[in-house]
Amino acid sequence: NLIEKMLLYCRRDGEWTVHNPVLDLNSLLKENIKMLRSTIPSTINFELDLVEKNFDLSAVDETHINQIIVNLFINASDAMNGKGTITLKTKVVDAIESLCSCCQFKVEGQFVEISVKDTGSGIEPEVAKRIFEPFYTTKPVGEGTGLGLSVISGILHNLGGHVLLESEVGVGTTFRLFFPLDEAA
C-alpha cells in the first residue's frame, strides 16, 4: 500500500490509466459516506451538501476519489478528537480568486469542487506550509505515513486540478479540491 501511494504520487507524467471512471459523483460520494460511517466514531456528525446535478468525471478513477475522501475524513476525525462535524460538499465553480495551496499557480477554469470541512483544531500556518510535502506528518511515529495529502495533491495536479487549504486554528479546516469539468458533462 505504501509503495502504491509513492508510485501514485510520483506519476505526474499524464500516464494515468482510468479503470473505473467516475460517471456518477454523487452516488460515489454517498457510498464513501456509508463506508466511513462504520469507521469514524458516531460522535462525529456527517453533513452532505451535494448539488443535484450529476457530474461525469470520466478522466478520474473511482479509486482516486475513494482514496481522497477516506484520507480527508480520517484526518478530519483525528483533528476533532472524536467529536464535531465533517461537511462534504460539491458544486461547480467558474472563477476562483486564489492560488493553489500546493503548486501556487492561479486556479483558472471551470471545475467541479469537492470540499471537506471539519470543526477540528485547525492547522497552524507553519504546518500548513508543509502539509502537502511527501512524508511530512504531524501524527506520532507509527500513526501516519505523511503520504495522504501529497498523494491527493499528486492526483489532482495530474488531472489538471488544484487544492485550496483554508484553516483557522481553533475553528477548523476545509480542503477544497478542484477537478476539471469534462467538456461533455
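Hi everyone, let's start at Ile 69, which touches Leu 29, Asn 32, Leu 36, Leu 88, Ile 114 and Val 116, leaving aside residues up to four places away in sequence; contact here means heavy atoms within 4.5 Å. Please keep in mind that this is a predicted model, where local features need pLDDT of at least 70, side-chain atom pairs count only at pLDDT 80 or more, and totals for chains, interfaces and linings use all residues. Residues are numbered from 1 along each chain as its sequence is written, and side-chain values use heavy atoms, without hydrogens and water.

Now, the core. Ile 69 is among the residues with the most contacts inside the largest nonpolar core, which has 50 residues. Such a core is a set of buried Ala, Val, Leu, Ile, Met, Phe, Trp, Tyr and Cys residues joined through side-chain atoms within 4.5 Å, and buried means under 20% relative accessible area (1.4 Å probe, protein chains only). Which helix gives the most to this core? Helix H3, residues 62-79, with 6 residues; helices are DSSP runs of H or I, at least four residues, and strands are runs of E, at least two, numbered from the N terminus.

Next, the sheet. Five strands form an open sheet in the order S2-S4-S5-S7-S6, with mixed pairing; two strands pair if DSSP finds at least two bridges between them. S4 (84-99) and S5 (106-118) pair in the antiparallel sense over 10 bridges. Our Ile 69 neighbour Leu 88 stands opposite Val 116 in S5. And H3 packs on the sheet, touching S2, S4, S5 and strand S7 (172-180).

Note on methods. Axes are lines fitted to C-alpha atoms, for helices over the stretch in contact, and angles run from 0 to 180 degrees between N-to-C directions.
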